[in-house]
Amino acid sequence: MSRILIAEDEERISAFVRKGLVANGFAAAVVATGAEAVDYALSGEFDLLVLDIGLPDLDGFAVLRRVRAGGSTLPVIFLTARDGIADTVTGLENGADDYMTKPFRFEELLARVRLRLRTDRTAEHTTLSAAGLTLDLRTRRAATATGTVDLTAREFALLELLLRHRDHVLSRQQILSHVWGYDHDPGSNVVDVYVRALRKKIGSGRIETVRGMGYRLAG
């Protein structure tokens, strides 16, 4: 599941974009300041940034400069009320991948998000493997020594996260953030429920519980 960061301080717009992305199978998180946008974009936890220019502390141009200076090649789509050619050129010259003006149709934004993710991932491996387990990113199926396993969308996202961070212990909050979005109820036990379900499908010993810390992939 691709993870989209939305940096937008107008709550009505950010909620609209996030709701649409989640409905189309993405995990989406929202930040409202430029400083947060820089920190989250450089975390390595996201696959694309939808970035508003008119943020209250750092504008989108400054955010983009800092993200690129930090070595990130994260695809960035500017989303802004400014429609002047100078702003468009400035954004693209600073390393943006695309540019949309408000008001906009969500279907067009969705198409651009999918295009940028597809372009960015053309060289990416299509499988992840560890601990005798293989996850096919195209078919969204897991394979163990005993056969192929069908996964729900959330199970797939959880297993992908564990495989991509197989050398790390992931806290419940980190998992909630990646798989369910940053505004999910931190008191929920949904992570534990999905870990149990996933263990039944891929083998109980493949996901370790690290007491007081979280979960990690065994092996």
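The questions and answers below move from the whole chain to its sheets and helix contacts.

Guide: This is a predicted model, in which local features need pLDDT of at least 70, side-chain atom pairs count only at pLDDT 80 or more, and totals for chains, interfaces and linings use all residues. Residues are numbered from 1 along each chain as its sequence is written, and side-chain values use heavy atoms, with hydrogens and water left out.

Visitor: How many helices and strands are in the protein chain?

Guide: Helices (H or I, at least four residues) and strands (E, at least two) are DSSP runs, numbered from the N terminus. On that basis, the protein chain has eight helices and eleven strands.

Visitor: What percentage of the residues in the protein chain is buried?

Guide: A residue is buried under 20% relative accessible area, exposed over 50% and partly exposed in between (1.4 Å probe, protein chains only). Among the 219 residues of the protein chain, the buried share is 47%.

Visitor: In what order do the strands of the parallel open sheet stand?

Guide: Two strands pair if DSSP finds at least two bridges between them. In this sheet, β2 (27-31) and β5 (98-101) each have a single partner strand, so they stand at the edges with one side left without a neighbour. The five strands, in parallel pairing, follow the order β2-β1-β3-β4-β5.

Visitor: Which residue in β3 is the bridge partner of Ile6?

Guide: Strand β1 (residues 3-7) and strand β3 (residues 48-52) are paired in the parallel sense over four bridges. The bridge partner of Ile6 in β3 is Val50.

Visitor: In what order do the strands of the antiparallel open sheet of four stand?

Guide: The edges are held by β6 (127-130) and β9 (147-150), because each has a single partner strand. Strand β8 (residues 141-144) runs antiparallel to β9, joined by four bridges, and Ala142 stands opposite Val149 in β9. The order of the four strands is β6-β7-β8-β9.

Visitor: Are α6 and α8 roughly parallel or roughly perpendicular to each other?

Guide: Axes are lines fitted to C-alpha atoms, for helices over the stretch in contact, and angles run from 0 to 180 degrees between N-to-C directions. The axes of helix α6 (residues 153-164) and helix α8 (residues 190-202) come within 10 Å and cross at roughly 85°. Angles under 35 degrees count as roughly parallel, over 145 as roughly antiparallel, 65 to 115 as roughly perpendicular and the rest as oblique. The two helices α6 and α8 are therefore roughly perpendicular.

Visitor: How many residues of the contact of α6 with α8 are nonpolar?

Guide: Contact means heavy atoms within 4.5 Å, and residues including Leu158 and Leu159 in α6 meet residues of α8, among them Tyr194 and Leu198. Ala, Val, Leu, Ile, Met, Phe, Trp, Tyr, Cys and Pro count as nonpolar, Asp, Glu, Lys and Arg as charged, and the others, Gly among them, as polar. The contact of α6 with α8 has three charged residues and no polar ones, and its nonpolar residues number seven.

Visitor: Which residue in the turn of the hairpin of β10 and β11 has a positive phi?

Guide: Strands β10 (residues 207-210) and β11 (residues 214-217) run antiparallel and are joined by four bridges; Val210 has Gly214 as its bridge partner in β11. Three residues lie between β10 and β11, and the one in the turn with a positive phi, of about 75°, is Gly212.
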